[in-house]
Amino acid sequence: LLDQAVAFGGGKLRDADVAEMLGSLDQRHIRELLQCLAAGDAAALLAQIRALQELVPDYESVLDDIAIVLQQLAVTQLAGVGSLGEDVDTELLDEFAARFDAELVQLYYQIAITGRRDLHLAPDPRVGFEMTLLRMLAFQPAAQSGPEADIVDSASRVVTPVSSKKILSPSGGTPVKM
């Protein structure tokens, strides 16, 4: 690997070259993806994914990196950045701790690790990665809690919960509230 890294770097061994050779990304790319998610901007998110594709990343590793930042955000929001130790990007965490609700961080974390687990099921890794990030935009925590609360998607449209829909009774045409 060392010989390959030196050859890849044109005779010099640089951290950025080794990361690129191994398909890992620097924190800048993770920050840009999180900015798109925070803004709810699907078009910018897809453009960012297309730009990443040129680097030929290991999409499992990118989802791992996103999940790690989300875990650090959760700790920052609930226990403070001091609870994380010294090897964290406090600037990144401070920026996004204010932009994401704690519930959204938990949801995004779950989507990231589930997407990583299911990446091999996708037609190709980039498509699986893209769908994982789009899923983060598509699903948002409910605006209110409780069994009768409406579910609100990322475009702020209200979706009627199943429990309040009327269906026909088995015996005929009388609607029954569920």
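This is a predicted model: local features need pLDDT of at least 70, side-chain atom pairs count only at pLDDT 80 or more; totals for chains, interfaces and linings use all residues.
Now colour by secondary structure. You'll find eight helices and four strands, and if you trace the chain from the N terminus, the order is α-α-α-α-α-α-α-α-β-β-β-β. Of the 178 residues, 30% count as buried.

Next, select residues 59–79, which are helix 5, and residues 125–138, which are helix 8. Two packed helices are described by the angle between their axes and the distance between the axes. Here the angle is about 25° and the axes lie 9 Å apart. Angles under 35 degrees count as roughly parallel, so helix 5 is roughly parallel to helix 8.

Show side chains where the two helices meet. On helix 5, pick Tyr59, Val62, Leu63 and Ile66; on helix 8, pick Pro125, Arg126, Phe129, Thr132, Leu133 and Met136. Sorted by class, this contact has eight nonpolar residues, one polar and one charged.

Last stop: leucine 119. Click on the loop between helix 7 (102–118) and helix 8, and you'll find it there. Is leucine 119 buried or exposed? Its relative accessibility is 6%, so leucine 119 counts as buried. To see what surrounds it, leave aside neighbours within four places in sequence and select its contacts: Tyr59, Glu60, Leu63, Pro125, Gly128 and Phe129. Finally, draw a distance line between the C-alpha atoms of leucine 119 and leucine 63: they are 56 residues apart along the chain, yet separated by 9.7 Å.

Terms used. Residues are numbered from 1 along each chain as its sequence is written. Side-chain values use heavy atoms; hydrogens and water are left out. Axes are lines fitted to C-alpha atoms, for helices over the stretch in contact, and angles run from 0 to 180 degrees between N-to-C directions. Angles under 35 degrees count as roughly parallel, over 145 as roughly antiparallel, 65 to 115 as roughly perpendicular and the rest as oblique. Contact means heavy atoms within 4.5 Å. Ala, Val, Leu, Ile, Met, Phe, Trp, Tyr, Cys and Pro count as nonpolar, Asp, Glu, Lys and Arg as charged, and the others, Gly among them, as polar. Buried means under 20% relative accessible area, exposed over 50%, partly exposed in between (1.4 Å probe, protein chains only).
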